[in-house]
Amino acid sequence: MIIQLDSDITPAEQQQLADKLASIKFKPTNVKTQFANYLIGVGKEEFDIRSIGNLPGIRDIHRVSDAYKLVSRKWKVNDTVLQIGDDIQIGTGHFALMAGPCSIESEEQIAATIQHLKKNRVKIMRGGVYKPRSSPYSFRGLGIDGLKLWHSMAKEAGIAIITEVMMVEQIEAMADYIDIFQVGARNSQNFNLLDALGEVDKPVLLKRGISGTLDELLQSAEYIFSHGNEKIMLCERGIRTFEKAYRNTMDINAIAMLKEKSHLPVIADPSHGIGVRKFVDKIALASIMAGADGVIFEVHATPEKAFSDGQQTLNFQEADLLISRMRKAFRLREEY
Ligand code: PEP
Ligand code: MN
C-alpha cells in the first residue's frame, strides 16, 4: 500500500500510523522525494483501508498489489510529465527527441551535432563520455573533461545533455554538467547506483537490462523513486533473444505494456533496439505508434568513422528525414 502523508503530519500522528501498521503486520518504509512524503507498507493481511485512510495526517491511501509500488499506475492514474529546464517537458502530449552520437569524440563533432540538432529543433543531445564497452580495448570515452567541454558548448546553444553515468562515484562530478542521467542496460540492476541516483534531484533515463524483464525494469525504477527521486523515464532499448539477425530484439510490446503498468514516461531507443542503421527509422516509427513518449537515437556526421556504434548510427540527412517523419507519426497517434 502507498500512504501519502500530509506535509505537516505531526510526530504523534506518525506514531499512531506506525502502531496501526504494526497491528496489521505491515512493514513500513518512509519515502521522501522532492515532491512529497509517502509511507510504503508491505504485508499480506487483509485490512479495511478506511481504518488507515481516516487517521489524521494522511492525504490519501492506495492499495497497490504490484511488487513495485510508487512507479505503478495503480495509485497514480495520470501520466507523469517531467519538466527539464524551462522549456522541455517529457510525458503525455509532449514528444521528446534526444539525439547525438554514441560517444562524444571531439570539439568539431560536438559543434557539428549541435548545429544539426538546432536546425531540427531537437532540444536534448545524447552522447557517452563514459562508455560501457564489451571489449576493454575499445574506445571508452573522453570522461569528465569531455563532458565539461560538451557542456560549455551545449549551454551556449541552449541544448540539454543526457549522458550515461556508470558509477556512484561519478554522480557528483557530473551533476553540474548534465540535465539527464542515463543508466545503461548493463547497469539496469546496479542497485547501489540506482539508490544513489535516488538522492539527486536530476531526471534519470533508466534503460531496460539486456535480458531484463519489465518487472525487473520497474523494480529498478522503484529503487530510484523510493530513494527520493520521482524524475524517472523508462527506456526500451531491445533485449537479447535467440535471434541473431540483428543486434537486439526491440520489444515494441514493452512500450505499450509499460505505459499501462506505470505512470512514468517511456522512451524508445531504436538505435540499440535493432542495431542496424537501415532499419532504425522503421523501428522508431513503430515505437511511436506503440505509445512511446519520446525517442533517443544515434546520429553522426560520418557514421562510418564513429568511434562506437557506427553500424546503427544515422547520418545527418537520414536523421533530418526521420525527425520530420517521427513528428508526423506522433501527431497521427495523438489524433486517434
Ligand atoms: C548507449 O546509449 O550508447 C548505450 C551504451 O546504450 P545501452 O546501455 O542501451 O547499451
Ligand atoms: Mn551506443
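In this predicted model, helix H7 (residues 214-226) packs against helix H8 (residues 252-261). Their axes lie 11 Å apart and meet at an angle of about 45°. The two helices are therefore oblique to each other. The crossing of H7 past H8 is right-handed. On the H7 side, the contact is made by Leu214, Leu217 and Leu218. H8 contributes Ala254, Met257, Leu258 and Lys261. By residue class, the contact of H7 with H8 holds 6 nonpolar residues, 1 charged residue and no polar ones.

Empty space was examined next. Rolling a probe the size of a water molecule over the atoms shows where such space is left. The lining of the largest pocket divides into 11 charged, 6 polar and 4 nonpolar residues.

The count of cavities of 30 Å³ or more comes to 1. About 30 Å³ of space lies in the largest cavity. Strand S9 (residues 160-164) gives the most to the lining of this cavity, with 3 residues. Ile162, Thr163 and Glu164 are among the lining residues. The cavity is also lined by Cys102, Arg126, Gly127, Gly128, Lys131 and Gln182. In the lining of the largest cavity, 4 residues are polar, 3 are charged and 2 are nonpolar.

Methods. Residues are numbered from 1 along each chain as its sequence is written. Chains are lettered from A and ligands numbered from 1 in the order in which they are written. This is a predicted model: local features need pLDDT of at least 70, side-chain atom pairs count only at pLDDT 80 or more; totals for chains, interfaces and linings use all residues. Side-chain values use heavy atoms; hydrogens and water are left out. Axes are lines fitted to C-alpha atoms, for helices over the stretch in contact, and angles run from 0 to 180 degrees between N-to-C directions. Helices (H or I, at least four residues) and strands (E, at least two) are DSSP runs, numbered from the N terminus. Angles under 35 degrees count as roughly parallel, over 145 as roughly antiparallel, 65 to 115 as roughly perpendicular and the rest as oblique. A crossing is left-handed if the near helix is turned anticlockwise from the far one by less than a right angle, and right-handed if clockwise. Contact means heavy atoms within 4.5 Å. Ala, Val, Leu, Ile, Met, Phe, Trp, Tyr, Cys and Pro count as nonpolar, Asp, Glu, Lys and Arg as charged, and the others, Gly among them, as polar. On a 1 Å grid over the protein atoms alone, a cavity is a set of points where a 1.4 Å probe fits but cannot get out, and a pocket is an open set with protein on both sides within 12 Å along at least five of seven lines; lining residues have an atom within 4 Å of a point. Grid points are joined across faces, edges and corners, and a volume is the space filled by probe spheres set on the points.
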